[in-house]
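Dear colleague,

Please find below the structure that I am handing over to you. My findings follow directly after it.

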Amino acid sequence: MLKRYIEMPLIKKITLALVLGILAGLIFGEKTEVLAPFGDLLLRLLQFIIAPLIFFTLVVGVNQTKITHLGRMGGKVFLYYLLTSALAIMIGMGVASLFNPGTGMTLGGNERVEVPENPGVVNVLLNIVPENIGTAFTEMNLLGIIFTAIVFGIAISYLRSSKEQSELGERVYRVVDALNETTLTVMKGLLQFVPIGIFAIIADVVGSQGTNTLFSLGNFIFVLYVALFIQLSVYVVFLLFVKKRPGEFFREARSPMITAFVTQSSSGTLPLTMNAAKNLGLSKSLYGFSLPFGATINMDGAAIRIAVSTVFAANIIGEPLSFAAMLQVVLIGTLASVGTAGVPGAGIIMIATVFSQLGLPMEAVALLAAVDVLIGMGATCLNVTGDLIGTTVINKTDEKEKENVNA
């Protein structure tokens, strides 16, 4: 029986776990909280493998490409993430303005929410360079780990190309490459526990949330998911534009998408996202950088959440947003998504930042916290999908550039 489970495709196991988890939550209700430790264990296992996976993959990837190409690739990745975040906010604003969630609702006046301090763009950029290598790994500073990996990757590449120390460089590279393969082997074992953890998490969420929360702010949730679906459709257009078959892409992307939906963690889903990128045949030097970077700063789902939440709050107080205010939301929301990178509670910080700039009531943030789980699921799923789509699109453009050069 164990052999049959191991041999079953991961996506089938995850889908089955998702369905069984929903049924268990609906049938047993709050009793499913006894399964919570299995969900916590999954998140711990995924976090456990993230740091070595990013570090070794990126060091090896840097040594498989030219330094000039690495810089050009980084520019493409950052520009793509910035533009899609702005596009996501505009889509969210458009859909929310069409359906007008929150119209007719009132605030009770007792809602309160603790909003963490916004670290700002400057601090986030400074945080890219860790105070020391150890804290980058112990504090799971993804930007710091990426910086460390690139620096050491370039250093190893320099040693390998040096006449005096080429042999030493090759030795170091072979060790790192072996450690990378070892990490991938460990990850294959961890992936076997993913369906069990997903079953536990979704059963606990459905059991504790029930259907009452869904109905209480159903209009807001509906509008949000319509906007998320439209953004997903835009991604499909991107794939078609670079002549990548959507069916082929989503066949590999399903596992990280479902895992992100259930766990609500972009960084926690990284092992599965990077595994999907590998199966799609993408460049290791590209996805080793773009996926961890995207998990930190690319938040298309969160951007849509900002837009819909802003229109929702404006409708509650009976003051629809002007066109100028909408442009302000796009600008501030895009910057806020970068300025809160890697911060716990980033979604709340982003919404609160925009609300404070527009003079919208903070009580609305507390009201939306009631459906935070349902919002977070869809937003995180789109975040992860956007990272993988962007990596695929950029990989395709790089392949075309190489073909043109060779021609």
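In this predicted model, the axes of helix 3 (residues 36-62) and helix 7 (residues 142-161) come within 8 Å and cross at roughly 35°. Axes here are lines fitted to C-alpha atoms, for helices over the stretch in contact, and angles run from 0 to 180 degrees between N-to-C directions. Helices (H or I, at least four residues) and strands (E, at least two) are DSSP runs, numbered from the N terminus. The crossing of helix 3 with helix 7 is right-handed; a crossing is given that name if the near helix is turned clockwise from the far one by less than a right angle, and is left-handed if anticlockwise.

On the side of helix 3, the contact is made by Ile-50, Ala-51, Ile-54, Phe-55, Leu-58, Val-59 and Val-62. Helix 7 contributes Leu-142, Ile-145, Ile-146, Thr-148, Ala-149, Ile-150, Gly-153, Ile-154 and Ile-156. Contact means heavy atoms within 4.5 Å. By class, the residues of this contact are 14 nonpolar, two polar and no charged, where Ala, Val, Leu, Ile, Met, Phe, Trp, Tyr, Cys and Pro count as nonpolar, Asp, Glu, Lys and Arg as charged, and the others, Gly among them, as polar.

Residues are numbered from 1 along each chain as its sequence is written, and side-chain values use heavy atoms, with hydrogens and water left out. As the model is predicted, local features need pLDDT of at least 70 and side-chain atom pairs count only at pLDDT 80 or more, whereas totals for chains, interfaces and linings use all residues.

Helix 7 itself has 20 residues and reaches 28 Å from its first C-alpha to its last, close to the 28 Å expected at 1.5 Å a residue; the expected span is 1.5 Å times one less than the number of residues. Its buried residues include Leu-142, Ile-145, Ile-146, Thr-148, Ala-149, Gly-153 and Ile-156. Buried means under 20% relative accessible area, exposed over 50%, and partly exposed in between (1.4 Å probe, protein chains only). In the loop between helix 6 (133-138) and helix 7 lies Met-140, which has a positive phi of about 50° although it is not a glycine. Met-140 is partly exposed, with a relative accessible area of 26%.

Thr-57 also lies in helix 3 and, at 3% relative accessibility, counts as buried. The C-alpha atoms of Thr-57 and Ala-149 are separated by 8.7 Å, although the two residues are 92 apart along the chain. Not counting residues up to four places away in sequence, Thr-57 touches Pro-52, Asn-180, Met-274, Lys-284, Tyr-287 and Gly-288. With the same exclusion of neighbours within four places, Asn-180 is in contact with Phe-56, Thr-57, Val-60 and Lys-284.

The largest nonpolar core has 112 residues, of which Phe-249, Leu-270, Phe-293, Ile-304 and Leu-388 touch the most other members. Helix 3 gives the most to this core, with 13 residues. A nonpolar core is a set of buried Ala, Val, Leu, Ile, Met, Phe, Trp, Tyr and Cys residues joined through side-chain atoms within 4.5 Å. Beyond four places in sequence, Leu-270 touches Ile-50, Ile-54, Leu-142, Leu-291, Pro-292 and Ala-295.

Two further helices deserve mention. Helix 14 (residues 284-297) is mostly covered, with 14 of its 14 residues buried, and it reaches 20 Å from its first C-alpha to its last, close to the 20 Å expected. In helix 15 (residues 300-316), 17 of the 17 residues are buried, so this helix is largely enclosed by the rest of the structure. Helix 15 is followed by Gly-318, whose phi is positive, near 75°. Glu-319 lies in the loop between helix 15 and helix 16 (323-339) and, at 52% relative accessibility, counts as exposed.

For the chain as a whole, there are 19 helices and zero strands. Of its 407 residues, 51% count as buried. Among contacts between residues at least 6 apart in sequence, 85% join residues at least 24 apart.

With kind regards
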